[in-house]
Amino acid sequence: MFATETPMRVFTLGYQGLNLAAYVRELQRAGAGAVIDVREKPWSNRPDFIKGPLGDGLARGGIDYIHVAAAGNPASIRKTTASAEECLGRYREHLVAHPEAVEELYSYVRLAVEKGRPACLTCYERLPEHCHRSVLIEFLMRLDRRVSAVHLPLATSEDMRPFRRLGSPLRSLQETAFIHPARFRFSGRG
């Protein structure tokens, strides 16, 4: 723990429903200086959010990009849980067993704060309470009581329009991703 009580603000932002331009604008509005990608693998079905293009887009916006694979929620957890609650609970256990993941993440958060431009943890899920970003924030706060989270709001509906099906609201991963594998024909189960 550090003697000084300087606050350490950490942003979080999920890119679900955002295009890259809206995502970068939201980070710039907040004053984020670095994005810490906390996905296990920096890959996406959305080409702009794959590591290379994402890093390039952020650099054009004056924001650093860092990928911390150790902070990612392992596929072995994500693919074997039936609910978001179970997934996040197992991820907490994973972090307890692998404290070096939080320590590595903390080093980047601290560096960003020292540069005067806070870091933002990023992943796909738009709702922090359904994402492992919230668990990472919880562990960062345990490590240093000065850490405080600011969950960035989604951009305007104008920014999100291209990624929304007409008349269909964005759904959380909790509603879509944690469907038990036995429900899929190709899963080899049931």
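Biologist: How many disulfides does a search of the whole structure find?

Modeller: The search finds zero, where a disulfide is a pair of cysteine sulfur atoms within 2.5 Å. Cys-131 is in no disulfide, and the nearest cysteine sulfur, that of Cys-123, is 4.0 Å away.

Biologist: What should I know about the model and the numbering?

Modeller: This is a predicted model, in which local features need pLDDT of at least 70 and side-chain atom pairs count only at pLDDT 80 or more, while totals for chains, interfaces and linings use all residues. Residues are numbered from 1 along each chain as its sequence is written, and side-chain values use heavy atoms, with hydrogens and water left out.

Biologist: Back to Cys-131. Buried or exposed?

Modeller: Cys-131 has a relative accessible area of 4% and is therefore buried. Buried means under 20%, exposed over 50% and partly exposed in between, using a 1.4 Å probe and protein chains only.

Biologist: And Cys-120, buried or exposed?

Modeller: Cys-120 is buried as well, at a relative accessible area of 0%.

Biologist: What share of the chain do buried residues make up?

Modeller: They make up 45% of its 190 residues.

Biologist: Change of topic. What does the secondary structure come to?

Modeller: The chain has eight helices and five strands. Helices are DSSP runs of H or I with at least four residues, strands are runs of E with at least two, and both are numbered from the N terminus.

Biologist: In what pattern, read along the sequence?

Modeller: The pattern is β-α-β-α-β-α-α-α-β-α-β-α-α.

Biologist: Of contacts between residues at least 6 apart in sequence, how many join residues at least 24 apart?

Modeller: The share is 77%, a contact being heavy atoms within 4.5 Å.

Biologist: Helix packing next. At what angle do α1 and α2 pack?

Modeller: Helix α1 (residues 20-30) and helix α2 (residues 51-60) pack at about 50°, and their axes are 10 Å apart. Axes here are lines fitted to C-alpha atoms, for helices over the stretch in contact, and angles run from 0 to 180 degrees between N-to-C directions. The two helices are therefore oblique to each other. Under 35 degrees counts as roughly parallel, over 145 as roughly antiparallel, 65 to 115 as roughly perpendicular and the rest as oblique.

Biologist: Left-handed or right-handed crossing?

Modeller: The crossing of α1 past α2 is right-handed. A crossing is right-handed if the near helix is turned clockwise from the far one by less than a right angle, and left-handed if anticlockwise.

Biologist: Which residues make the contact?

Modeller: On α1 they are Leu-20, Tyr-23, Val-24 and Leu-27, and on α2 they are Pro-53, Leu-54, Gly-57, Leu-58 and Arg-60. By class there are seven nonpolar, one polar and one charged. Ala, Val, Leu, Ile, Met, Phe, Trp, Tyr, Cys and Pro count as nonpolar, Asp, Glu, Lys and Arg as charged, and the others, Gly among them, as polar.

Biologist: How do α5 and α6 cross?

Modeller: Helix α5 (residues 99-114) and helix α6 (residues 132-143) cross at roughly 80°, with axes that come within 10 Å. That makes α5 roughly perpendicular to α6. The contact involves Val-102, Leu-105, Tyr-106 and Val-109 of α5 with Leu-136, Phe-139, Leu-140 and Leu-143 of α6. Its residues are eight nonpolar, no polar and no charged.

Biologist: And α4 with α6, at what angle?

Modeller: About 40°, with the axes of α4 and α6 10 Å apart. The pair is therefore oblique, and the crossing of α4 and α6 is right-handed.

Biologist: OK, single residues. Where is His-94, and what is it in contact with?

Modeller: His-94 lies in helix α4 (residues 84-97). Leaving aside neighbours within four places in sequence, His-94 is in contact with Ala-70, Gly-72, Pro-74 and Ile-77. His-94 is buried, at a relative accessible area of 18%.

Biologist: What about the place of Arg-39?

Modeller: Arg-39 sits in the loop between β2 (34-37) and α2. Arg-39 is buried, with a relative accessible area of 6%. Not counting residues up to four places away in sequence, Arg-39 touches several residues, including Tyr-15, Phe-49, His-67, Thr-122 and Cys-123. Arg-39 and Tyr-124 are 85 residues apart in sequence, yet 8.2 Å apart in space, C-alpha to C-alpha.

Biologist: Where is His-67?

Modeller: His-67 is in strand β3 (residues 64-67). Setting aside neighbours within four places in sequence, His-67 is in contact with Asp-37, Arg-39, Glu-40, Lys-41, Pro-42 and Lys-51.
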